[in-house]
Amino acid sequence: MKRFLLALMLLSITILAIAQQKEKGDLQIGIQGGASLPISTYKSMGETKIGYYSGFFLDKYFSGNKFGLGVDARYIYNSINLQDTFHFENGYISTDYINKSRFQDYLFTFGPSYKYAVDRFHVEAYIRGGLMMQYFPEYIRSVTYEERDPTGGSLIHSQDIMSTVNDASNRANSWAGIGGLRFNYMLNKHFSLFGHVDYVQTFGEKFGSKASRFAIERVEETNPITETTHVKTVWDHYGDVRETKQTPHKTMQAGIGLKYIFGRKESPTVKEDNSPKYDEEVKKIALKDLQIVVKDKQTNLALSGVTVSIEGTDIHDRSVTDASGQASKVSSIKPGQYQIVGEKNGIKTPILTLTETDFQTSSSVIFKEIYHDDPRFTLIGETFDCATAQNLAGINTVLTHTGSKVNASQTSDAEGKFIYQLDGQSDFTVVANQQGRYSQTEIVSTKGLDRSQTLYVTLKLGVCELVENGEWVLKNIHYDFDRSDIRQDAVTILDNVVAVMKQNPTLRIELSSHTDSRGNDNYNLKLSQRRADSAVDYLVANGIARNRLVARGYGETKLLNDCRNGVNCSEQQHQENRRTEIKVLAY
């Protein structure tokens, strides 16, 4: 890929260099945009909708102005048809869209052009070949239905009937080609309006060793399900053979644009000028390098991730500070006036102005510090896999202010990191919100922290897969002494359970409560049952079907340690036994 982009850049430079020679052929550059119409299997199998594209091209015609070479770069976007949930008598067919529901492509091509001109009108035909970088949608379509068992209960079944089966990154490269016509009208000797139509397609099933086509896996529908259908088994309606189908990118693209044709100028006869040239005067000026460092005003710590903008004489520079707070060094700038500002999390630093006085030093580098003043704390979190302890990328996290109940969400980056800004003297909860996974509801507090001493707060958020018979203890859920009602501080934890249940409609759980060994055994059993019932009632009140939930109070029958009746234990040991647990009954 890097070699291809380098070749494209060198080709463009070559064409520009040829343009400087005294050839008669035109050099033209244009911008274009319009509609991208999917056709054939790319439309039907990919469920692709009409989208749009934009881009630019560069053509160099040779002597005679008939034949030439050109490059074309495009961005192509096609969304997909989103399928609504279809309900039948005892279930529904739903589609889970895991990433962005679109095809997104970057196309770079090179090839010959032909032009035919009559007065102000001319037609261009072109053929291009090159590389397309593709980004695919990912989704799963499934049938979920309820079946009564002989005991009068019910079982929830779910079966995938179609899913995308691309590379885990949902990215692919492929060879591609364009062929089309461009219809131009010359406004004057330099500018032209045009409309064009062309055909774009990718080629080959692999690029190197990696698949290059969009692929789905599905089972054939043999007996359509209607709104009145009562599904006994999904195999009454679908075949048992899963087939994989692939499609290349195939679109017709039509659009309009504006083109500029570079003109040639005669070299006029001029008198010899023996006065000092401007460039010679500039060489006499001492040019200097500029280094900007950004620090946190309240702690004086170097601040990374700040976007630093420098505007001034012939300079429009923008860069992001590294771990040492340094922006990219700007080399060889002329004396003059420059304005420098940094920005992070929507907050800007005061504007720093450089004048010619700053250039009147013996040092070759002008070194300046600017200070960013954000009174909030920065939470730096990491999502990691509970089983492997390896960091997980692409996990959606939710931060909730426990006082205002205001939520913010963010997806962990390629290194599994996520960042939030936290108000001072406040409590927050952080939880993962990802289908097929769960996490504990972690509590983060800035109460008692001094902003002048502390900038960063850290958190490692364990994310675990939902598996049948899996169990976990709900952290940070407590009950008042001898009470079973849900406390306000437990609501946020149970809200996370509600979110997990809604994201995973086939999930069925047991929610159990446990006590320590102190007190009457029978009383502890009844108290724990009331507490489990209260938790289940809360989930039902928030939209979870009761048949997906089992409340079970175990009292002191399942102690985690040896603190039985009559054994002297510490309060911390007793606390280990006072817990609320979740067990996955079905998934």
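User: Where is D119 found?
Analyst: This is a predicted model. In it, D119 is found in the loop between β6 (102-118) and β7 (121-135).

User: And what is the phi of D119?
Analyst: D119 has a positive phi of about 50°, although it is not a glycine.

User: Is D119 buried or exposed?
Analyst: D119 counts as exposed because its relative accessibility is 76%, and the cut-off for that class is over 50%.

User: What about N469, where does that one lie?
Analyst: N469 lies in the loop between β32 (456-465) and β33 (471-473). N469 is not a glycine either, yet its phi is positive, at about 75°. With a relative accessibility of 53%, N469 counts as exposed.

User: Changing topic: how many disulfides does a search of the whole structure find?
Analyst: The search finds two disulfides. A disulfide is a covalent bond between the sulfur atoms of two cysteines. One joins C386 to C464, with an S to S distance of 1.9 Å. Another joins C563 to C569, with an S to S distance of 2.1 Å. Counting bonded cysteines along the chain, the pattern is 1-2, 3-4.

User: Which parts does the pair C386 and C464 tie together?
Analyst: C386 lies in the loop between β25 (377-385) and β26 (396-401), and C464 lies in strand β32, so the pair ties together parts that are 78 residues apart in sequence.

User: Are those two cysteines, C386 and C464, buried or exposed?
Analyst: C386 counts as partly exposed, at 37% relative accessibility. C464 is buried, with a relative accessible area of 15%.

User: Why is the disulfide of C563 and C569 given a handedness, and which one?
Analyst: The torsion about the S-S bond of C563 and C569 is about -110°, so this disulfide is left-handed. For C386 and C464 the torsion is about -70°, so that disulfide is left-handed.

User: Now the largest pocket: what is its volume?
Analyst: The largest pocket has a volume of about 600 Å³. It is lined by 25 residues, and those closest to its centre are T144, S158, N504, P505 and T506.

User: Which element supplies the largest share of that lining?
Analyst: That is β9, which supplies six residues. At least two lining residues come from each of β5 (91-97), β8 (139-148), β9 (154-164) and α4 (488-503).

User: And how do the lining residues divide by type?
Analyst: The lining of the largest pocket has eight nonpolar, twelve polar and five charged residues.

Conventions. Residues numbered from 1 in each chain as written. Predicted model: local features only at pLDDT ≥ 70, side-chain atom pairs only at ≥ 80, totals over all residues. Heavy atoms only, no water. Helix = DSSP H or I, 4+ residues; strand = E, 2+ residues; numbered from the N terminus. Buried < 20%, exposed > 50% of the residue type's maximum accessible area, 1.4 Å probe, protein only. 1 Å grid on protein atoms, 1.4 Å probe; cavity = no way out; pocket = protein on both sides within 12 Å on 5 of 7 lines; lining within 4 Å. Points joined across faces, edges and corners; volume = space filled by probe spheres on them. Nonpolar A, V, L, I, M, F, W, Y, C, P; charged D, E, K, R; others polar. Disulfide = S-S within 2.5 Å.
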